[in-house]
Amino acid sequence: MDEGDKDRPRRAYDRQLAERGAYLATRTDEVPGPGECWMCGQSGRKMSREHIFSQHLQRIFDAKKEKFFPTHYDSFGNVISARQMPASSFTAGEICEPCNNGWMSRLETQFGRLLATRSLPASMDRATLELIARWFSKTAIVLNVSQNYRSLIPANRRHQCAERVPRGFRVYLARLAQPGEGWFDFQQGATGMLSFHPVDANPHDLAQRRRNERFYACGIRVADLLGYVLFDPPDHRHVPVYPLAPIWPRPPKSLPQKSLPELEALTQGLIVHIPT
């Protein structure tokens, strides 16, 4: 976002950074105005709060009291903001009731059914993998617009999630090798988790830096299932360093749950490089 353009809408988080004189890395300027929904762009509708990890999932895992510690770091690894809340209060605002109680609720119910036994089915077909990819995409979008992090998903991609996995999204799966603390977790891209290695440009080149800043990565954990959502501009592909199972945009005909690669930590899947 151009810091000098005062007419463009800004999230409160962005305004606070600008007022402090902080460097504003690249972010989308397609931010809803007052009373507009993040997920459809409509205005004049009654707004609601979307549970980022649905009440359905909370009941399955008996996790209503599970604590979250969302933290945002600057480019030097310093903590900018940190807070604590239970899963039952971990919600996103500025989402209209028709979205929240309509397609988002149906998607949560369908995803919850897959995990009714606290584990994915032994084998997943393409339709199941598309459902999983769409749930992780929706959840990554909601995390991006609701947490203290740069807004990096353009409006048309956010709105596409009402019907399908948004264009340009890549989704991967893995398993957590050892049981983690609690049932849910997430990480958005941050210094120390992302490793950039441009091979055809000066690392100090401003254009290269801006291209890297447009890249968005989000890792989400549900029990031992790890999902990773990557979104970056065309022709600038960031590739996971650790082996992950790609399920979108080209889902396999079938994917056995036991074939998912194992990682030691959620953050491992967020280490990426730029291929030659």
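**Salt bridges and overall build**

The side chains of Lys-46 and Glu-97 form a salt bridge, with an N to O distance of 3.8 Å. Lys-46 sits in the loop between α1 (12–19) and β1 (47–51) and Glu-97 in helix α3 (residues 97–101), so this pair ties together parts that are 51 residues apart in sequence. The model is predicted, and the count of salt bridges in it comes to five.

**Lys-46 and Glu-97**
- Lys-46 is exposed, at 60% relative accessible area.
- Glu-97 is partly exposed, at 27% relative accessibility.

**Arg-170 and Asp-232**
- A salt bridge joins the side chains of Arg-170 and Asp-232 at 3.2 Å, N to O.
- Arg-170 belongs to strand β8 (residues 169–176) and Asp-232 to the loop between β11 (225–231) and β12 (239–240), so the pair ties together parts that are 62 residues apart in sequence.
- Arg-170 counts as buried because its relative accessibility of 9% falls under 20%.
- Asp-232 is also buried, with a relative accessible area of 3%.

**Other salt bridges**
- Arg-164 and Glu-163 meet through their side chains in a salt bridge of 3.8 Å, N to O.
- Arg-164 is partly exposed at 37% relative accessibility, while Glu-163 is exposed at 65%.

**The chain as a whole**
- The protein chain has seven helices and 16 strands.
- Of its 276 residues, 51% are buried.
- Among contacts between residues at least 6 apart in sequence, 75% join residues at least 24 apart.
- The accessible surface is about 13500 Å², and carbon and sulfur atoms account for 48% of that surface.

Notes
Residues numbered from 1 in each chain as written. Predicted model: local features only at pLDDT ≥ 70, side-chain atom pairs only at ≥ 80, totals over all residues. Heavy atoms only, no water. Helix = DSSP H or I, 4+ residues; strand = E, 2+ residues; numbered from the N terminus. Buried < 20%, exposed > 50% of the residue type's maximum accessible area, 1.4 Å probe, protein only. Contact = heavy atoms within 4.5 Å. Areas by Shrake-Rupley, 256 points an atom, 1.4 Å probe, with all protein chains shown as cover. Salt bridge = Lys/Arg side-chain N within 4 Å of Asp/Glu carboxyl O.
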